[in-house]
Amino acid sequence: MKATRLLAALAVLVMLVSGYSAHPASVAAKGGVGHRTITHLTYKGKTNLTARRGAMARSAVGNETRVGPEVDEQIPKSGTSPIKAPAAHVPTPQGLPVTTDNPGFAGFSGLNHLQQRLADNGNQFSLEPPDQALCVGHGYVMEGVNLALAVYDTSGHLLSGPTALNPFYNLPSAIVRGATPEESVYGPFLSDPKCYYDPDTGRWFVTVLEIDTVPTGPDAGAFLGHTSVLIAVSTTGDPAGDYRIYSLDTTDDGSNGTPSHPGCPCLGDQPLIGADEYGFYVSTNEFPLFTGGFNGAQVYAMSKAKLVAGVMPPVVHIGQIPLAESIAYSIQPATTPPGDEYDLGSGGTEYFMSSLQFFAHPPLDDRIATWAMTNTSSLDSASPSVSLTSAVVQSEVYGQPPAAAQKDGPTPFGDSLKPQGKLEFLDSNDDRMNQVVYADGKLWSGVNTVVRLGSSDQAGIAYFIVSPSVSGGQVQARIVRQGYVAVLGQNVLFPSIGVNPRGEGLMTFTLVGPGYYPSAAYA
């Protein structure tokens, strides 16, 4: 299961952050990295969030639940010894206190499970804990949970939705039930929604992973050999209005102009998105659909202005991206808050960050990577020419987090598999880099990590504030602040960081453990 991200729920807990400064030297990669190809988008027509609002009748929910695939793949960990000497120890930060004193704080409850389940006449999958998308701008808040979208004002009044993602992207519903499974229709499988409000253009971007499925018959619901990332771009500043839909082919088996990668047809898992002044960026982790393997991160860059204008841009696809002694994964693009200035050097620059914990034994590392894509202004041309470079920086220690215990519930399960009142552990996934923000000339992000407080290991957060620069086409970086967030006897996981142009930041995350039900918390 995926660990929950409760960013839109009312936060009632405050946590203090500890950290320290460090200024290690960076090591810059030599020249651009990865294999570069030019691909294209497919235009899929227009859609409208309001017109495709799902019916909310309770009677629409059937008893059956189709269990979708676990497409948020864990990155394969090599069993061989790393070339680099491993980090020495599990981090042992100070356990920080928790308070419910929230002066000046306001919040509201976002989408709940019932709402997202009913958004497509009861045809939604039940995926728990859920995927969440959240973006804010122009007086609106957009939230996606699993396969449903909703739009609120900043006071929490529901303005539109819940709207199911399948009909929003002009696709058949997830399941249209017939009298028998053979008579049922299964629409394409969607997962991993993301959304972004772009302050530069005043437009909304909504993305989702798509895997085509067999619609009917005995094999209904089985995967076909085609995958994509769907990109919806609003035509106005109203997130409940019209959108143009584009499809980015991620199959990478040599068809439809895609490169031919090992083991493909492939899945572009966990699409991550970001933007600078010129470009819109998507990063995926590539897994073969029908066999084992991992082809590493894939980075896609395209003109933001052309997407907004409805003009089909050429797309730069960079794959086969090496990093240190292994292959890069989960390269997280940065976004820039309203009012901050873009880095206009090197013909336009988009920054990314990623972690480097490649190996299962030992499950620790003390390095992170900063990436820069330069000459992004060329994305507006017919023949874009961008270059991707990386710098590996020494950091604090982080590593694979353990599963997170939950507070026991009042309901007795009473079966042989679960002790009475005991809940399953939440999967804290791994230590991939989370959301990255470029603000005040710095990159801000964090990862899930194992921490040891007292005699027990639990899930904590390692955060990083990095100062990047580009010189001679090469990215350089140094850590200006880093630290941990941890609570004695409890778990904190999945940080998302927001920062304003003055460098004032807030980190939200899930707090859960023997003393807490899964709760939204912030620092």
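This report describes aromatic pairs and one β-sheet in a predicted model.

## Basis

Local features in this predicted model require pLDDT of at least 70 and side-chain atom pairs count only at pLDDT 80 or more, while totals for chains, interfaces and linings use all residues. Residues are numbered from 1 along each chain as its sequence is written, and side-chain values use heavy atoms, with hydrogens and water left out.

## Aromatic pairs

The whole structure contains 13 aromatic pairs (rings of Phe, Tyr and Trp, the latter by its six-membered ring, with centres within 6.5 Å; planes under 30 degrees apart are stacked, over 60 edge-to-face, the rest tilted). In one of them, F105 and Y522 have ring centres 5.0 Å apart and planes at 15 degrees, so the pair is stacked. F105 lies in the loop between β6 (98–99) and α1 (113–118), and Y522 in strand β33 (residues 516–522), 417 residues apart (helices, H or I, of at least four residues and strands, E, of at least two are DSSP runs numbered from the N terminus). F105 is partly exposed at 32% relative accessible area, whereas Y522 is buried at 10% (buried is under 20%, exposed over 50%, partly exposed in between, with a 1.4 Å probe and protein chains only).

The rings of Y197 and W204 have centres 4.7 Å apart and planes at 50 degrees, so this pair is tilted. Y197 is buried at 13% relative accessibility, and W204 is buried at 0%. Y140, Y197 and W204 form one aromatic cluster.

## A four-stranded sheet

Four strands form an open sheet in the order β7-β8-β9-β10, with antiparallel pairing (strands pair if DSSP finds at least two bridges between them). Its edge strands are β7 (132–137) and β10 (158–164). Strands β8 (residues 140–145) and β9 (residues 148–153) run antiparallel and are joined by six bridges.
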